[in-house]
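Please open the model in the viewer and keep the selection panel at hand.

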Amino acid sequence: MTPRTPTAFAAADLGATSGRVLVGRVGRNRLDLTETHRFDNTPVQLPDGLHWNALGLYQGVLDGFREAAARWDLASVGIDSWAVDYGLLDADGALLGNPFHYRDPRGAAAVQAVWSRIPARELYRITGLQHLPFNTIFQLAAEKHLDRARTLLLLPDLITHWLAGTVGAEVTNASTTGLYDARTGAWSAPVLAALDLDPALLPALRRPGDHAGTVLPHVAAATGLRPDTPVVAVASHDTASAVAAVPAGTEDFAYISCGTWSLVGLELDAPVLTDASRAANFTNELGIDGTVRYLRNVMGLWLLSESRRTWRARGERHHLPELLERAAAARPFAALVDPGAPEFLAPGDLPARLAEYCARTGQHLPEGQGAVVRCILESLALAHRHTLFQAAQLTGRTIRAVHLVGGGSRNDLLCRLTADATGLPVIAGPAEATAIGNILVQARTHGLVEDRGAMRRLVARTQRLRRYEPTGDVRAWDAAAARVGLA
């Protein structure tokens with residue numbers, strides 16, 4: 001694509017609890033963000049399981065684009081979302097049912113069936129993917145519509161298809177499926193054969209920055225977008241977009257993309273496919289420019305948001321800043337959990353499950369909302385520490401600083417605790433890293449920024465960042481890590 005006069009780009013960023021559309025205006029020393037629309041992403045429990053409301057998400061995207069187009073002449077639009085979940089299309093291109101939610105238990109029930117066909121060690125050697133029971137490969141093994149399906153589209157590719165009418169699989173998200181070969185950069189023929197999956201089910205791969213078409217006439221009419229508005233395949237995995245926007249000036253950094261999940265790791269040039277890496281359950285997912293996001297998924301601020309949802313349902317009123325103040329004043333290390341414990345995955349009464357964990361492990365139960373929040377945030381900081389230390393050991397990399405981006409960067413207490421736990425400076429921000437990465441890939445496609453380094457320098461110059469130096473007692477954090485099995 002050649003550069004265009006407009007410098008406004010719309011990013012539809014779909015998260016596990018909400019979606020939003022933001023417009024970014026990009027110039028040489030300019031990167032301004034404006035949110036035009038935010039909407040809830042509420043899963044729906046049906047008789048056959050937990051689903052996403054895909055049509056509601058699509059409508060939210062259209063509404064956001066309509067509000068954006070009313071204010072700016074948009075150069076292009078792009079979609080990012082979470083990973084692993086997908087929609088299936090039949091021979092006529094119709095959606096076969098609402099996509100399943102990754103928190104539905106059907107994938108976990110299919111894990112052993114998959115491993116009986118392709119052992120876990122061999123699967124890791126090919127895909128380099130962290131074992132999570134909801135990975136696409138396990139969901140597909142439990143799928144009941146495959147006999148009618150002709151095309152599989154991951155969620156951002158599905159929205160792109162509805163916008164532009166084209167079919168493709170953006171590679172940063174494809175790399176999270178368990179069907180992608182981390183060495184060859186293609187769909188894995190051995191994995192597909194082992195599972196009796198038709199290779200034609202999987203679309204051709206796209207790279208971040210590829211042209212995915214222009215908006216369809218009825219989309220232009222519904223939104224006010226110009227009929228020739230390009231849809232750009234950005235780094236459609238939200239973490240890949242977030243890492244693209246990390247404002248690092250050197251290579252010796254680690255990142256934590258912190259929201260519903262904490263994605264904790266390093267940016268590498270090649271995958272790490274060793275048995276030690278598999279045993280530590282690290283994943284090798286793609287970033288922009290062929291980089292590898294070597295990371296582990298850590299249960300993130302889901303623990304806090306689900307606890308707050310429980311309190312609201314009980315009529316227990318609370319205000320987040322006040323909660324964090326009470327947590328900061330609560331007794332340190334009074335109660336700790338492993339955030340990755342399986343009992344914390346499903347929706348439900350998180351405070352009760354935290355208390356049950358503490359009772360089972362012989363700890364004092366957290367009493368009051370402040371103590372619960374302190375337990376959650378200290379436990380997350382310990383999980384961040386444990387994951388970063390393992391990543392450094394497995395790769396031989398030295399970490400000089402931690403960039404914490406995403407919504408969690410607004411949580412002052414979590415940032416401070418992470419700095420204390422790791423003994424490393426934490427640079428917090430930008431909070432809107434995912435949308436910024438989405439927008440900057442679009443801007444690069446239009447010739448407005450040169451390369452990945454220039455993207456990061458622009459973020460560092462234009463966004464508000466905060467630095468936290470470690471001040472905690474290292475021995476106390478060592479003891480706390482040993483208590484919860486995260487030493």
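Select β13 and strand β14 (residues 230–233): 3 bridges join these two strands, which run antiparallel. Strands here are DSSP runs (E, at least two residues), as helices are (H or I, at least four), numbered from the N terminus; two strands pair if DSSP finds at least two bridges between them. Within this pair, T214 has P230 of β14 as its bridge partner. The model is a predicted one, in which local features need pLDDT of at least 70 and side-chain atom pairs count only at pLDDT 80 or more, while totals for chains, interfaces and linings use all residues. Residues are numbered from 1 along each chain as its sequence is written, and side-chain values use heavy atoms, without hydrogens and water.

Next, display the whole open sheet, whose 6 strands follow the order β3-β2-β1-β6-β14-β13 with mixed pairing. β3 (30–40) and β13 (210–214) stand at the edges with a single partner strand each, so one side of each has no neighbour in the sheet.

Now select E143 and R106, whose side chains meet in a salt bridge at 3.2 Å, N to O (a side-chain nitrogen of Lys or Arg within 4 Å of a carboxyl oxygen of Asp or Glu). E143 lies in the loop between α5 (136–141) and β8 (151–154) and R106 in helix α2 (residues 106–109), so the pair ties together parts 37 residues apart in sequence. Are these residues buried or exposed? E143 counts as buried at 14% relative accessibility, and R106 counts as buried at 13% (buried is under 20% relative accessible area, exposed over 50%, partly exposed in between, with a 1.4 Å probe and protein chains only).

Finally, select D32 and R30, which form a salt bridge with the closest N and O atoms 2.6 Å apart. D32 counts as partly exposed at 29%, and R30 counts as partly exposed at 38%.
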